[in-house]
Each structure stands twice: as C-alpha cells, then as structure tokens.
Amino acid sequence: MIKRVPRVLLLLITGYLCVAQVSSDFLPPEVRRVGMKLACLCGACNNSVGDCPMIGCHYSNPARERIAEMQKASTSDDAIVGAFVKERGVQALIVPPNTGFNRLVWWMPVVAILLGLIAIYAWVTRMRKPAADAPAIDPAVLEKYRDSIDRDLAKLE
Amino acid sequence: MENLGALSLILAFCFSIYAVFGSVVGKWKARPFLVKSAERAVLAQWGLQTIAAALLVYALLTCDFRLAYVASHVNTAMPTIYKFTAWWGGQEGSLLLWSWILGSYSAVVVWQNRKKFRDMMPWVTATLMVTQAFFLMLIVVPLSPFEVLAVGKEIRAVPDGNGLNPLLQYWSMAIHPPMLYLGYVGFIVPFAFAMGSLITKQPGDGWIQTTRRWTLVTWLFQSCGVLLGAGWAYAVLGWGGYWGWDPVENASLLPWITATAFLHSVMMQEKKGMMKVWNMVLVSSTFFLCIFGTFLTRSGVVSSVHAFAQSPIGPYFATFLSIHIAATAWLILDRLGYLKSEAQLESVLSRESSFLFNNLILLASCFSILWGTMFPVISEAVTGEKISVDAPFFNRVNVPIGLFLLLLTGVGPLIAWRRSSLESLKKAFLWPSIGGFAISAALFALGIRHFYALMAFGLCAFVLLTVAMEFFKGSRAISAKTGQNLLSAMVELTHRNTRRYGGYIVHVAIVMMFIGFTGAAFNKERTIELKTGDEFDLGRYHMRVAEIKQGENPNYDWGHAVVEINQGGQLIGTLAPEQRFYKAGQGQQASVVAIRRRLHEDLYLNFAGMQNGKVIIQAYVFPLVGWIWVGFAGLIFGTLICLVPSKVKYEFAKTKVMGVAQGAAKPKAVSGD
C-alpha cells in the first residue's frame, strides 16, 4: 500500500496538470519530425503527414497516431518510416528515394542545366566565329564612326 | 433553349471547320473571296458561341435544373454572383468558356488585321480555327453543357441542385479561372502568327512586332490568374499556403515561365535580329504547355486537388498535342534557312549573353517543374511502382534556380548591349554588390542563420539598388537638361521608354514577391485545442479565446471563435475565424479564416473544428507574406506601363561586323536600350 502512494500521487499530479492545462497542442514535435518524411496520401493535398493541415484527414490522422504508438514502443524514426514504406510502397515517402530509376528525378534538372550551358557555349562559339574572318577596315572610316560615337556620348553627358 | 444552345455550338463547330478550309484553300488556290469568307466564318462562330454561352448563363441564373450541368453546379440558395461563376465551375462549362474566349480572341485578331498581313493571315486564321474546332468538338460530342436530365424519354428537372463547391464561393475564385483562361488561350495568338510567318517563309520581325503587345497582355492575364489562385489558397484553404506545387498549379506556371523567357528573348530578335529559331521554339512551347495544362486538369492523368472529375477527353488532348508538336517541329526544321541570325555576338560580356542565361535558367526551372510533375507517371510506367514527388522536391530544386534568376534580374540591366568592359562592370556592380552584402551581413549579425534567406535578402537588395541606380542616373540626366525635379524627371524618363522602365518596375515587383517568399523560412504555427477563456502564445502574440459560438442559417451551419489578440500586454484587436458546413450537396465544409494583415507579418487563425466541446484553432504567423500581394500590384502596374506607347520612338539598328580595325583599341560601349 505504501509503495503505491508515490504512483497514486504521480497520477493525481498528472491528472491535475491535465485539468489545469488550458490548452493542448495537437501535434507533438516528435510525431511531426517523423511525419515530415512521409507523404500524406489522402489525395486532397500535397503535404506531408507532419504538416497536413486538415484536422480530420483520413490518412494523416491515423498515420500520426501510428507514429505516436510506435514511438511509445521506442521504435526508431527510420524503422517507423520503413514500416510505412513496407505497407504503402515508396509512395509513402514525401520524396522518392535517391536509388535506381528514381535517381533521375534529382539528376535530370542538373543534366538539363548542363546541356543548356553546353548549348549556350556552342551557340556563343558559333555566333562569334565570323568576326575573325572579317576584312580589315579602313582607318579613315573607323575614325569617322569614332567621332560620331564621341559626339553622341557628349550629348548624353 | 437547350436545343438552341446545342445547335449554336454545332454550327460554331461547322463554321470553324469551314474557316480552316476556306483559309487554306483560298490561299493555296489564290481565291481571295474564300479567304474573306473564312474570316467572316470566324466572326460567325464567335456570335454563335456567344449565344450558347448566354443561354448557359441564363440557365444557371434562373436555376434551370433540367440541365445536368446546372443541377450539378448551382442551387437556389447560392448568391447570384456564384450562380454566374458556376459557368466555369465544372468541366463542360469551363470548356465552353475556354472556347468562347478563343472565339473572341480570334474575332479580334481577324478584325484587327483585316487590312494587314494579308499573306500571313489565312494561316493565322487556320491555326486559330484548328484549335477552336478541337475545343468545340469536345463540347459538342463528349461534354455538352446542354445535356438534359431525363427519365426514360421525359425531360425531368430536379427540385434543387448540388451547388458550387463552397471553397469556390470566394471573390478571387470568381475571377481566377477566367484570368487563367484569358492567359492560356491568349498564348495561342502569338503561336498562330509564328506559324503563319513560318508557313509563308517570312520569319522577319513582322510577327514579333504584331504579337509582342498581345503576348504582354496575355502574360499579364496569366500572372493575375496564377497570383489570384495563390491569394485564394492563402485566404480560403485554412493553412496559409499560397503555393502547394500541385500538378494543376504547376501546369499554370509552366507556360508563364516560357512566356517570360519569350518576352526577354524577343528583345534579342527585335534589336539584333538574333535567336529567331529560339523564339519560335519558345512561343510554340508556351502554346503546347497551355494545352498540356488543360490536358492535365481534365484528363485525370495525375491526381490533383484542382482537377476536374475524370473524363474521357484525355486521349483527344494527347492526339491533338502530338500532332501539333510534330507539325510545328517539322515546320521549324524545314524553315531553318529562313531563321538565320542577322548579327553576331560581339562579346560574352554583353546584354545578349545575360538574356541567354536568363532563358537558360527560366527553362531549367520550367523543365524541373514539368519533370517533377510528370515523374510519378513516368516512374510508375517504368518501374511499376507508385511514388510521390511533393513540395520538398520542388522547393529543393527551384529555390537555388530562383535565387540565380533573381541575381540575373539585377545583373541584366547593368550590362551593355553588344559588349561591356570589365572596368565598366566593376563600376556598375560596386554599389549594388556592397548593398547586397551589407544587408546579408546585417541580418546575419541580427541572428538570422538561414542560408537561403540570407542569400535571398542580399540579392533582393542588390536588384533593388541596380534598378534604383538605373532610374536615378536617367532621371538626373533629364533633370539636369530640363530643370525638372527628380520625380517629374523620373516620370518623363519612364514615359520616354516605357518598355524598359516598365520592365524595371516589374523586376522590382518580382523582388517584392521574393521578399514575401523568403519570409516563409520564418513561419511559425501551432494547432491547439481550446475552450472559452483559454490562452496561448505564438510568436509575439498572446491570445485568448473570448467566445465560442455555433449556429445555423438557411445556407449553412457555422461555428466561430472570437479570439483576443494581445501584444506586449496590450489588446491589439480580435479575430473571429469561422467554419461552415453547407447544407446543400454533400454538406461540404469551408473555413473562413481570420487574418490580421501587416506588411511585416500576418497573424492567421483558422477554426479547424470542434472536439469534446473545445475548438481546434490552427494559428500561424507568416512573416513578410504581404509583400507577395504588394509585388502582385507592382507587377500589374509595371506591365501596364510597358503597354503604354513610348514618347520617344526607338529604332534599333541591326549591327553587323563589317570589318576589324587592325591594332586599334576597341570602342567604348554604352548601355541602353
């Protein structure tokens, strides 16, 4: 009986704290942390389980409860995520894993930029080529144009 | 009435087919009367579509529940304005709106150019009417808006309709879809002129000059459509997100990006006669992406919040798009000889190069968004496994691209056309760079450690300084010459070259939007269960639930909470978020969020639900988000300035390398449009 006292006291204190608590946060941070790695598959949003804003979401809510339960059982974050992937496939992840064919989702934008840079380089090289073959210009003509430029610049200033 | 509507659409379809053949055969066989009659057919199809549209709107306003479309999208309790907007609330009606806008644009094009471009116009008309015939076919055959409800052979009206989705009963949603459609459809006109110019082998500047203004107006509509959608999502969906990288949102952004690239690269063609092939590719891509966006929304190929119900029209779109892409690619390749550049690139350090990089980055962004949107479909086809590509992918890829684009927004105006010397660049970049670094350093010193945020704020300062310097230098020169004060000189400067300075205003608007986007790095949120009298904190705000009320009216049941907002011990106001459950239809739910809008941050409360006698409040603090909407206003203003004719008519002499000055120093280049 005496041994039970601290437990009862703890229960009472916890109960009091619950009653005294004026408000309660809806999503514990540790659940959110894991939830942010998982896609909400409700079909009505593109959010993660961690930040799906729909209070009554038919996918995120049970998923959060499951995460919380697994965390209570001291399951690691990776194992929780793994359990979701095992059940729903890789679509359970908010972004595809960087493996196999799915690597392409990450690499193609980089490849596209590189190809664009190569194309620009090729274009610039080609567009600058003819100037080298141009004939020498008469210095008198050049001087005339320079004078004209100087006059225009003087007007601007 | 429904028969008249359906008949009008069938006749409009016939007229558009006639317009295609009349134009092509008339031009081919040199029969001007056929070409003229084809142009009249364009006007006729517009008139007929107007009749059909008016009949549908009348049916919606008068709640004619014999029509299946009306019964599905309207109910008697809806306000009149939303009965009207139900025109584009469903698949069939929105396709009619699409088609009617295209009909209207086509009629305007034909009327405007009745005495111009006589060589090109038959092909322009044919291109427009091929697209028109395609859309009319959709609303004539598989998706007629005039389908009636019947039991056996007897037409029957239902007592009341389902009503419009309550989420769509919001002012910006009333204008967001038409704006987007005005944008989507409008991009067909530059494409039609581009095709006309290619077919008639006149790939000079004629089509560019004709369609530049058109492209700009269309781009403005598209921008408004995208941003109104963002504003709607922010104010209605209850989680404060203005962009969710949803496939349909992405689809609206893709043509906007390629059109933005086109509006920049087109200057190269106008001023230097360069990049003709590229401009053809861009204007065609913009058109294809518009059709692709419409296909994504309506085919069900990707799952999206925005998508209309799945319908059988996906294959029609795929066929139409494939044929168009193949024909355009063939035409461009066949006419490459006519699309040769008229000038050479004189230096890598030039405005021309900065436009190239601008285009590269815009296209990279466009590709990454398209790739991310379609990758789940591609991956499933290849591996057989479904995957999710959600917001983190798009953010991770597009944030660096966006920042680089922001940098180019500031760099471009400082580099001269033709060539810039390193010395002149150093001089031009000195103060903006110092300003940018100073802002980043100051924010770092104030405790901000978010790398991208520091970069973004620094770049925003850099761009603002470059634009301010451009305005200041020009106005000071005018002020010195005319004696006007600096402000009047600035107005005069802008009026002299509206395209250039209007463009700078748009750049400033983009910077403001980036400031707003960057604020998202510092968002705070809390979802909390509360009863009357409960208090909670978020950021600098201390809040107390003063009252929770529930009730009903003929249209919906509602619950709302009155929340007192305190800051520093002072009551600074109250917010009353509300939740509604509409009685009509399937009892759909909608939130009326309460937002305390300020430029430095928004406080955003959403009544998310009731549980065990307590209210669930989602509270958010969104720093700087208001700058997005300020940027939106700036973008409209800047674009309108661009559309005002310049006071000074600029002529852009095409430069050509005539010879090389042996051993001579290179002439100094000057900046300017």
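Helices (H or I, at least four residues) and strands (E, at least two) are DSSP runs, numbered from the N terminus. This is a predicted model, in which local features need pLDDT of at least 70, side-chain atom pairs count only at pLDDT 80 or more, and totals for chains, interfaces and linings use all residues. Residues are numbered from 1 along each chain as its sequence is written, while chains are lettered from A and ligands numbered from 1 in the order in which they are written.

**View 1. Overall build of chain B.** Chain B has 19 helices and 12 strands. Its C-alpha atoms fill a box of roughly 90 × 75 × 60 Å along the principal axes.

**View 2. Domains of chain B.** An automatic or database domain assignment supplies the bounds. Chain B is split into domain 1 (1-169), domain 2 (394-521 + 626-643) and domain 3 (522-623). Between the C-alpha centres of domain 1 of chain B and domain 2 of chain B there are 43 Å.

**View 3. Helix H2 of chain B.** This helix covers residues 32-61 of chain B, 30 residues in total. Its expected span (1.5 Å times one less than its number of residues) is 44 Å, and the end C-alpha atoms are 44 Å apart, which agrees. After H2(B) comes B:Cys63, with a positive phi near 50 degrees.

**View 4. Nonpolar core around B:Ile617.** A nonpolar core is a set of buried Ala, Val, Leu, Ile, Met, Phe, Trp, Tyr and Cys residues joined through C-beta atoms within 7 Å; buried means that 20 or more other C-beta atoms, placed from the backbone, lie within 10 Å of a residue's own. The largest such core has 227 residues, and those touching the most other members include B:Ile101, B:Phe514 and B:Ile617. Leaving out residues up to four places away in sequence, B:Ile617 touches B:Ile528, B:Leu530, B:Ala561, B:Leu605, B:Phe607 and B:Ala608 (contact: C-beta atoms, placed from the backbone, within 7 Å).

**View 5. Confidence along chain A.** The pLDDT (the predictor's confidence in each residue, from 0 to 100) has a mean of 78 in chain A, with 77% of residues at 70 or more. Helix H1 (residues 4-20) of chain A is lowest, at a mean of 43, and helix H4 (residues 77-88) of chain A is highest, at 93.

How values were computed
Buried ≥ 20, exposed ≤ 12 C-beta atoms within 10 Å, placed from the backbone. Contact = placed C-beta atoms within 7 Å.
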